[in-house]
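Hi,

Here is the structure for you to look through. My notes follow below.

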Amino acid sequence: MILGISGSPREGNTEYLVRVALEAAEEVSGEGTEFITVRDLDISPCEACGECLRTGECAIDDDMQDVYELMRECDGMIVGSPVYYGGVSAQLKALIDRTRPLRINWELKDKVGGAIAVGGARNGGQEHTLRDIQNFFMIHAMIVVGDSDPTAHFGGAGVGLEPGDVEEDETGIETARNTGRRVGEVVKLLKG
């Protein structure tokens, strides 16, 4: 299964491009997909209590428990965020920070990760936001992929201010599709 995560607090552009990428990943890999969005989830920030280091489990009882299971089950992830001051949204950052229990036993190691970012302008911080997501993947020892050929950049990078704007962004759609395709290709290669 390939998991898509929209890190936007609202419905719209990021969700759209993550779904575009998931569709391409499914076409290439033949794997099923699952989509979640932080706007539908109750995820508190990490409290740095250290409970996960002692027990392997997070002490906070919220929707992150379900996210852990999806992350454990998936073969690959496509994670997207709108650009917020040159980085990921607070909601996605909370989700990322809460994955510490999965790192204790390297439960995400060798899963494939592709990133999507949506900014308000063509050079609106997308590359920095993609790097934030890729750092999350690398810290978990995941296999990080970009959007591959023919665009070959850091991942899916869209432009849109208002919900629906990105649906007119041909470059954003193409890079999202290529990112999903690459995630699907690598998942398929790994499953042999």
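**What turned up**

A48 is exposed, at a relative accessible area of 63%. (Exposed means over 50% relative accessible area, buried under 20%, and partly exposed in between, with a 1.4 Å probe and protein chains only.) A48 sits in the loop between β2 (33-37) and α2 (51-55). Its phi is near 55 degrees, a positive value in a residue other than glycine.

This is a predicted model: local features need pLDDT of at least 70, side-chain atom pairs count only at pLDDT 80 or more, and totals for chains, interfaces and linings use all residues. Residues are numbered from 1 along each chain as its sequence is written, and side-chain values use heavy atoms, leaving out hydrogens and water.

D110 also has a positive phi, near 70 degrees. D110 is partly exposed, at 45%. Its loop runs between α5 (100-104) and β4. (Helices are DSSP runs of H or I with at least four residues, strands are runs of E with at least two, and both are numbered from the N terminus.)

Now look at β4, residues 112-119. Eight of its eight residues are buried, so the strand is largely enclosed by the rest of the structure. V112, G114, I116 and V118 cover one side, and G113, A115, A117 and G119 the other.

Which strands pair with β4? β3 (residues 76-82) runs parallel to β4, joined by seven bridges. S81 stands opposite A117 there. β5 (residues 143-145) is also parallel to β4, over three bridges. Here G113 faces V144. (Strands pair if DSSP finds at least two bridges between them.)

Last, the peptide bond from D149 to P150 is cis, with omega near 10 degrees.

Best wishes
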